Amino acid sequence: MSIIKYLADQLLLSEEDIRLFIKKAPYKYKVFAIQKRNNHGERIIAQPAKELKSIQQMVLIEFLKELPIHSCAMAYRHGISIKDNAKVHSSNTYLLKMDFADFFHSIRPEDLIEHYEKYKAKLSADDRVSLKKIFFWASRKPPEIKLSIGAPSSPFISNTILFDFDSIVSKVCIAHEITYTRYADDLTFTTNIRDTLFDIPNLIARVIKDIDYPRLKINHTKTVFSSKRSNRHVTGLVLTNENQISIGRSMKRKIKTMIFLYSKKNLSPDDIKFLRGYLSHIHNVEPTFLHSLTKKFGTRIVTSIFHQ
C-alpha cells in the first residue's frame, strides 16, 4: 500500500486531499532559535505543525520502524539514557570525544530514500515524494530541504541513516579493543590501551568519505582527548577515577547552593523549576548524592522542592 493510500484510509480523507497536504508539508513548520550551551551561538529549531507531526508519527510507525539502528547508537532509544551511554565507558582509562557539525541538517531526503531502498524495499515515485515532503523541512535561509531539529521523526531517522557509519566504525573499534558509542552527534571512544585512540580521527575521516550517505562533517573544535589524569566527560556526565558516573564537583556545589537559597526562600521560580528537574536527574544518575543532600538539608526541604 502506498503512503498516500495508507494515510487516506487512516484519516478518512480523499487521496487528493492527502496529496495536497503532503505538497505543502515542508513549509508547515514553526521556526525559532534557542541558545546553545555555554552561549556558543544559536540552534535553529523547526517544529512541525500539529497535523504534520501526527502524520510523521503515523508514517514512521507504519513504514520506517523496521529500518535498522546499530546497538552503539544510544540516543533516542526507549530505556536508554545518558547514564547508560556514560556507563559503558566508565572502566576505561583513555577517552576521545568527537562531534558532527550541523548533524540533523546534514541529512537529506535522498539519504532516507537510498537507505529505505537498501534495507527494506524499492519505492514508487509517489512514495519517494511522500517521504521527502513528510519528513523534511524546507528552510528559507538557505533555501534547501533537510531534516529538522524539532520533528518527532527526526531522531529515529538520524539513527537509522547512520547505521552504515556506526557498523563500520564499531567493527574497527572492536578489533582494536576500543569501546565506541554515538549519542546523536556526539561520538565517544574509550580504551585501556595507551595511544590507540590517536588513529581514530583519521579513521572517522575515511569512513565519512567512503560511505554512500549522509554527507557528514566533523566539528574539529570539539575533538578532545583525555585520560584519568584529567577530567573525563561523556554526554554531560563525569567519569570518576573510581569507574563511577557522577554529575561532577562543580555541579554538586551549584546544587548545594541552590538548595540553601531555597531553604531561605531566596530562589526564583525559574530556578526552583530547574532544581526540581535536576534533582530528578541526580536520582537517576547519582542517587548517593541525593541521599547526602537529604542528610545535609533535611528530608522536608528536599521533598518540598519536588512539590513546589
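Which residue in β10 stands opposite V234?

Reply: The residue of β10 that stands opposite V234 is L237. The model is predicted, so local features need pLDDT of at least 70 and side-chain atom pairs count only at pLDDT 80 or more, while totals for chains, interfaces and linings use all residues. Residues are numbered from 1 along each chain as its sequence is written, and side-chain values use heavy atoms, without hydrogens or water.

The facing residues belong to a pairing of β9 with β10 (residues 237-239), which run antiparallel and are joined by 2 bridges; pairing requires at least two DSSP bridges. Strands are DSSP runs of E of at least two residues, and helices are runs of H or I of at least four, numbered from the N terminus. The sheet that holds them is open, with 3 strands in the order β9-β10-β11 and antiparallel pairing. Because β9 (233-234) and β11 (245-246) each have a single partner strand, they stand at the edges, and one side of each lacks a neighbour in the sheet.

The domain assignment, automatic or from a database, gives domain 1 as 3-238 and domain 2 as 247-307. Their centres, taken over C-alpha atoms, are 33 Å apart. In the contact between them (heavy atoms within 4.5 Å), 5 residues of domain 1 meet 5 residues of domain 2. About 420 Å² is buried between the two domains, with carbon and sulfur atoms giving 61% of that area; buried area is the accessible area (1.4 Å probe) lost when two parts are put together, summed over both. K83, L237 and V238 supply 74% of what domain 1 buries against domain 2, more than any other three residues.

Strand β4 (residues 137-140) pairs with β5 (residues 143-146) over 4 bridges. A hairpin of 2 residues joins β4 to β5, and P143 in β5 is the bridge partner of R140.
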